[in-house]
Amino acid sequence: PTVEYDLEAPFEIEYHDSIGSTNDRARELAAGGANDVAVLADEQTGGRGRLERAWRAPSGGVWLSVVCRPTIPLARASQYTLAAAVATATAAREAGVNAGIKWPNDVIVPVGDDGSYRKLAGILTEMEGETDRIEWLVVGIGVNANIDAADLPDEATSIAEEVGEIDRRRFVQRVLEVFDTYRNDLERVIPAWRDLALTLGQRVRVERDGETLVGVARNVTDTGALRVELEGGETVTITAGDCEHLRP
Ligand code: BT5
């Protein structure tokens with residue numbers, strides 16, 4: 001079920017009214033050799049988050065998974081994930097939503113100015129290949145678009161909730177166009193991410209080697225790792241995991 005989109009970006013879109021998970025379908029396509037294909041669904045019945053968490057994906061959302069085959073080492077794959085967060089936050093801001101990025105790649109809307117927020121979108125990247133060269137990447141982008149807050153988890157929000165319903169076709173077009181721009185110019189990803197980041201300067205709680213650390217997020221390295229200044233004054237580098245914004 002290929003649908004025609006008026007895309008400047010070179011993606012073909014396979015659309016489903018309902019599917020288990022667009023990432024699962026995209027992985028199938030990737031394993032079969034696909035490149036620059038995006039799977040889009042109105043509803044997912046088995047949406048997945050990171051670390052085996054469930055992702056609520058009712059009808060009205062933008063559930064999108066992009067298959068790419070970049071010739072990059074595994075270590076640079078996180079830049080694709082950050083590029084997807086930049087693209088999603090940019091498209092949401094263009095739609096009038098006061099969106100920003102929480103490290104590493106949640107798109108959130110601040111509530112007040114004490115560091116509280118609601119989650120608007122999440123990214124799940126999956127890949128296959130060798131350390132020195134990726135075979136394929138599936139970048140899954142889940143955006144609560146035209147969904148009632150009542151149909152979402154408590155700490156979530158939607159575009160409809162923030163600014164009213166949007167034209168999802170135009171939104172998807174912008175996400176893919178901006179994503180395409182940055183994946184072709186990876187040097188610009190981190191600077192763009194920094195401009196949209198709401199985590200820098202925040203008091204945060206992060207996990208490292210099973211240990212919980214609290215400090216102030218100071219910077220993001222060139223590979224996307226978070227630099228946190230701990231309460232004792234030491235600065236640590238966090239390469240993966242979750243990050244909670246705390247009240248100051
Ligand atoms: C993510 O995981 O944020 C990645 C979500 C990726 C979803 C997309 S949709 C298209 C593609 N196909 C898929 O099957 N997945 C991708 P994580 O950081 O682990 O956050 C998951 C947590 O967010 C859950 O444990 C809930 O607390 C919360 N959550 C679940 N559904 C949500 C929603 N719709 N909006 C906001 N938060 C949600």
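**Exercise 1.** Find which strand gives the largest share of the shell around the ligand.

*Solution.* Keep in mind that you're looking at a predicted model. Start with the elements that give two or more residues to the shell: helix 1 (22–31), strand 4 (62–68), strand 7 (117–130) and strand 8 (133–143). Strand 7 comes out on top, with 4 residues. Next, look at who comes nearest: of the 28 residues around the ligand, that's G49, G122, G140, G142 and A156. Finally, sort the shell by class, and you get 11 nonpolar, 11 polar and 6 charged residues.

**Exercise 2.** Work out how domain 1 and domain 2 meet.

*Solution.* First, the bounds: the domain assignment puts domain 1 at 2–196 and domain 2 at 203–245. Their C-alpha centres lie 24 Å apart. Now go to the contacts, where 12 residues of domain 1 meet 8 residues of domain 2. On the domain 1 side, helix 2 (77–94) and helix 5 (189–196) each supply at least two residues. That side has 7 nonpolar, 3 polar and 2 charged residues.

**Exercise 3.** Track down the residues that touch the most other members of the largest nonpolar core.

*Solution.* This core has 72 residues, and the ones to pick are V86 and V175. Helix 2 gives the core its largest share, 10 residues. Both domains take part, with at least three residues drawn from each of domain 1 and domain 2. Now zoom in on V175: leaving out residues up to four places away in sequence, V175 touches L64, A87, T88, A91 and I141.

Key. Residues are numbered from 1 along each chain as its sequence is written. This is a predicted model: local features need pLDDT of at least 70, side-chain atom pairs count only at pLDDT 80 or more; totals for chains, interfaces and linings use all residues. A residue is near a molecule or strand if its C-beta atom, placed from the backbone, lies within 6 Å of it. Ala, Val, Leu, Ile, Met, Phe, Trp, Tyr, Cys and Pro count as nonpolar, Asp, Glu, Lys and Arg as charged, and the others, Gly among them, as polar. Domain bounds come from an automatic or database domain assignment. Two residues are in contact if their C-beta atoms, placed from the backbone, lie within 7 Å. A nonpolar core is a set of buried Ala, Val, Leu, Ile, Met, Phe, Trp, Tyr and Cys residues joined through C-beta atoms within 7 Å. A residue is buried if 20 or more other C-beta atoms lie within 10 Å of its own, exposed if 12 or fewer, and partly exposed in between; C-beta atoms are placed from the backbone.
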